[in-house]
Amino acid sequence: MAEETRERVLAPKGSSKTINLGGRSVTAFAAVHHSGAGPGLLLISDRDTLDAGIEARANLFGQEGYSVLAVPNGLTASDIVEAAQVLRDLPATEEKIAAVAHGDGGMLALQAATDAKFEAVIVFDVMPLAGEN
């Protein structure tokens, strides 16, 4: 019995975009599913800049069907609320949004969760929650 093979359609690679948060310009990274729309996912880095790892993660989530906006750490909770609104306003974002955050970015996501109206917040390696050594 021959196996059926299907070509996997990958999302186009995301791109950097400048957004206004808290009255200043911030470099973000946006990635979208090949269908052009999906639920929103705000990806918050654990670093003050967006590195290749975060961009690759944003592209992966984009391939899985999300409209992704990645932002650096070093922002305030109110900046995260604004970033959530920027994500909502993207034409590719439909339905509700969630946040995935790393390190100190996780604390920002948790602090902003109610005002940003996140449906879910997933955080990794948040030291103040785990206890400091």
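**A chat about the predicted chain**

Author: Of the 133 residues in this chain, 42% count as buried, and the model is a predicted one.

Reader: How many helices and strands are there in the chain?

Author: The chain has four helices and six strands, and, read along the sequence, these follow the pattern β-β-β-α-β-α-β-α-β-α.

Reader: And of the contacts between residues at least 6 apart in sequence, what share join residues at least 24 apart?

Author: Among those contacts, 62% join residues that are at least 24 apart in sequence.

Reader: Let's turn to α1. What should the twelve residues of that helix span, at 1.5 Å a residue?

Author: Helix α1 covers residues 52-63, and at 1.5 Å a residue it should span 16 Å, which agrees with the model because the C-alpha atoms at its ends are 16 Å apart.

Reader: Which residues of α1 are buried, and what do they pack against?

Author: The buried residues of α1 are Ile54, Ala58, Asn59, Gly62 and Gln63, and they pack against four strands, namely β2 (24-31), β3 (38-44), β4 (67-71) and β5 (93-102). As background, an α-helix has 3.6 residues a turn, so residues three or four places apart point the same way.

Reader: What caps the N-terminal end of α1?

Author: Asp51 does, with a side-chain oxygen that lies 3.2 Å from the backbone nitrogen of Gly53. Just after α1, Gly65 takes a positive phi of about 115 degrees.

Reader: How far apart are Asp79 and Leu108, in sequence and in space?

Author: Asp79 and Leu108 are 29 residues apart in sequence, and their C-alpha atoms are 9.1 Å apart in space.

Reader: And Arg24, where is its place, and what does it touch?

Author: Arg24 sits in strand β2 and, not counting residues up to four places away in sequence, touches Ile19, Gly74, Leu75 and Asp79. Its relative accessible area is 37%, so Arg24 is partly exposed. Arg24 and Asp79 are 55 residues apart in sequence, with a C-alpha to C-alpha distance of 9.8 Å.

Terms used:
Residues numbered from 1 in each chain as written. Predicted model: local features only at pLDDT ≥ 70, side-chain atom pairs only at ≥ 80, totals over all residues. Heavy atoms only, no water. Helix = DSSP H or I, 4+ residues; strand = E, 2+ residues; numbered from the N terminus. Expected span 1.5 Å × (residues − 1). Buried < 20%, exposed > 50% of the residue type's maximum accessible area, 1.4 Å probe, protein only. Contact = heavy atoms within 4.5 Å. Polar contact = N/O pair within 3.5 Å; in protein donor to acceptor, adjacent residues only side chain to side chain.
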